[in-house]
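Please have the sequence and the 3D view open side by side.

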Amino acid sequence: MRKCVLRMALFASIVAWTPVLSGCWDIKDINHRSLPIVMGVKQVDRAYKVLLLIPEVSPSEAKAKIVSGSGNTINEILDEINKNMEYKVDLLHLKVIVFERSIAEKGLDQSVESFMRSKDIPNKTFTAISEGALEPLFEKLEASSGSGGTEVYDFFEKNAGWSPEVVQTRIWEVFRSMDSYTRDVVIPIIKPGRTTTIESPGGAVIKNGKMVGDINSEESLLYNLFKGSGTQGKIEVMDHATVKIVSDRLNTTSEMHAGQAVLNSRLHLKVTVVETVGTPTEAQIKKEIDKQLSMRFNGMLRSAQAKEADILGLGQLFRDEMSRADLQHWRSKYYPFMKINFKVHVVIQDEGLLKIDV
Amino acid sequence: MDKSRQVIVMYLITHLGLIFFLYPVDIISALSVGHWSAVLLGFMLHIALVAVYTKGLSYGAPQNVVDLFQGVGKAFAFVALLPLAVYFIVVIIITTRAYAEIATVIFLSDTPISTIMLLFLAVSTAISLTGIEAIFRTGMLIAILFFPFLLLVIVLSFQNADWHYMLPLMDRKTASLSFVYHPSFLKSLFAFVGGFLFLGFIPPDVPYRRGKIVKVSFALLPFFLISVYVPLMTFGENTSSRFPFPFIMAVDTVDISWLMFDRVTMFFMISLLCFVILFLSLVMWNTMLLLKRGFPAFRTKSAVLVLAGLVFVVCLLVPSWNTLEKMLWWNTLLRFYAALVIPLLTLAIGMRQRRKGAVRP
């Protein structure tokens, strides 16, 4: 009898503990949180300013609002915003972080490091650099937030509005490049568009967390090509024809000749003809593509080499030919003097629905 | 009845639970080039010890370690096994505290650590109270439920891998094996040692065949390599050495547009935490067996509860991650005792017993 009572008591006490076992603690329901989608970071003198684009979705309409604050560190500002808001700011679903150009030129190390350290910001958040001031960009985003403020995110998202001339760079890639010996990174530049919500005029070259130059959209395509993001669907316009890239494959081999790095790179492109001007032959089209892409590539590489910024991560290919101590000096000693042979091999897969007259 | 399959599953999941969190950071900070050599060295040591340990046990079959040691002499068994019991208790403390901390760092940032530790200890105590056979059956269940997710996440974790980061494969510093004395390398052996000692405690309750276990051990090598090389290939050496949990960071970079997998890290964490809870209950059961045989006055059930309470209190007293790292380091001596001395002693005693048995008809 006593044992039975004891058992009942034990059972009751076990049941009483079950709420603890759920692991939920101080939980705030979803309707008491606000989930910013875009964060903008700018620096005025030494103070930071943070803008948050927070969607406000109700059954009848979807819009967004901008909340901003300034202070000495990003976290101080977020804390301040959190204090003043009626909801808890939860950065778990932050999708894009936009830096103003001036802060990128001063150096992103501090802010990127704090984003990586933070437990709630996902490290696969997209990064972007705003060409002009942040405020007009955010106002534009707010004004055209028909789908609840997700426009910028959709702009970069591969299964939505992304196109091969737009660079996709995530926060962890920027962080990786900050300490890397052999790899720099390009962050897409955006600005409010004239007829569309946003426009991307190209990308910013970031070397060790600092913006040292920029590349245009055409060069961004080559960057994506080397990164393996795919260039399918990109239209190339030449003098006598316009073609659409169907598929791409890049072969590279690297050699070291007496301290000189040599890279042989061969790009295999499959294209389909979209438009012709006059009556070019197939060989002519192939030659034009080769010439155009090689010229563009060499131009981009030369300017990147001059800035000692290895945006294509070419140093990676020499890892087995150099010791770690040598790799440390890759950017300054080897990369600027690297020789590269870039060749394009084109296959015209089809000519569209019209024949090319031969 | 041969229960090799259950033992194999248990053996795999206890190791998997330990590999992916604390192991990669130690290896990555121990050397800068040619991490595979450190992994391989530790792994070879592991296989050798498992072989020696199970060989010794098979000589003395169907006895377990405690029977074997007590066969030599009660006092000898007490002295030889007491450090092992202490080691087990410290392992329970470190594991509970470390994994509670990991859970708060990665996904339960608002939950007090004490609650998470209570959860771990409550569940593992409950499982270990039900006995060793129940632990092994639970192991089967957990493996069936979580192993597919784990494999999926491991495959996905290669999404951002850049194979060039594996190079260079070797340099002079690594080839000189100087990393062997690096504290981090010695700490990394934690992942190898904790998991296999249970093999000596389960006979005769859970019989298994020795050869199978040693063979299955080799299946663990890819997981050890993946846990170190996936972060290295994703971030490179310089960056991954800045993370306290490199593999988790690498999994966090995986991007899948399907909403369910928005954060695959969660699947990974939860599977591994289940494995770790099972590991805890197994170690707790081992400790209880040792204590029961050493101090026959103990009543098992109340002793387990006292042990769990004690562990909980000590866990509460650990203030920070740094203290925990220090504890892990202090435990190295006991770990070497448990990893080297116990298997060798087992082999020696087993061989002696066999010789005696051979003389007697």
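In α8(A), the buried residues are A:E219, A:S220, A:L221, A:L222, A:Y223, A:N224 and A:L225. Here a residue is buried if 20 or more other C-beta atoms lie within 10 Å of its own, exposed if 12 or fewer, and partly exposed in between, with the C-beta atoms placed from the backbone. Helices (H or I, at least four residues) and strands (E, at least two) are DSSP runs, numbered from the N terminus. The cover over the buried residues of α8(A) includes β8, β9, β10, β12 (241–257) and α9 of chain A. Just after α8(A) comes A:G228, with a positive phi of about 85°.

A word on what you are looking at: this is a predicted model, in which local features need pLDDT of at least 70 and side-chain atom pairs count only at pLDDT 80 or more, while totals for chains, interfaces and linings use all residues. Residues are numbered from 1 along each chain as its sequence is written, and chains are lettered from A and ligands numbered from 1 in the order in which they are written.

Now follow α8(A) to one of its partners, α9(A), which covers residues 282–306. The axes of α8(A) and α9(A) come within 10 Å and cross at roughly 90°; axes are lines fitted to C-alpha atoms, for helices over the stretch in contact, and angles run from 0 to 180 degrees between N-to-C directions. The two helices, α8(A) and α9(A), are therefore roughly perpendicular to each other. On the scale used here, angles under 35 degrees count as roughly parallel, over 145 as roughly antiparallel, 65 to 115 as roughly perpendicular and the rest as oblique.

Which residues of α8(A) and α9(A) meet? From α8(A) come A:E218, A:E219 and A:L222, and from α9(A) come A:R296, A:F297 and A:M300. Two residues are in contact if their C-beta atoms, placed from the backbone, lie within 7 Å. Sorted by class, the contact of α8(A) with α9(A) holds three nonpolar, no polar and three charged residues. For these classes, Ala, Val, Leu, Ile, Met, Phe, Trp, Tyr, Cys and Pro count as nonpolar, Asp, Glu, Lys and Arg as charged, and the others, Gly among them, as polar.

Let's step back to the domains. Chain A is divided into domain 1 (26–229) and domain 2 (231–358), with bounds that come from an automatic or database domain assignment. Their C-alpha centres lie 30 Å apart. Domain 1 of chain A gives 22 residues to the contact, and domain 2 of chain A gives 22 residues. On the domain 1 side, the elements that give two or more residues are β8 (185–192), β9 (198–207), β10 (210–216) and α8 (217–227) of chain A. The residues of the domain 1 side divide into 12 nonpolar, four polar and six charged.

With 11 C-beta neighbours inside 10 Å, A:T253 counts as exposed. A:T253 and A:L312 are 59 residues apart along the chain, and their C-alpha atoms are separated by 14 Å.

Chain A as a whole has 11 helices and 14 strands. Its radius of gyration is 26 Å, well over the 21 Å that the globule rule gives for 358 residues, so chain A is more spread out than a compact globule. That radius is taken over C-alpha atoms, and the globule rule is 2.2 Å times the number of residues to the power 0.38. The C-alpha trace of chain A spans about 100 × 55 × 55 Å along its principal axes, and buried residues make up 35% of the 358 residues.

Where chain A touches chain B, the contact takes 23 residues from chain A and 26 residues from chain B. On the chain A side, α1 (2–21) and α7 (171–179) are the elements that give two or more residues, and α7(A) has the largest share, four residues.

Finally, chain B has 17 helices and zero strands. A compact globule of 361 residues would have a radius of gyration near 21 Å, and the 20 Å of chain B agrees. Of those 361 residues, 46% count as buried.
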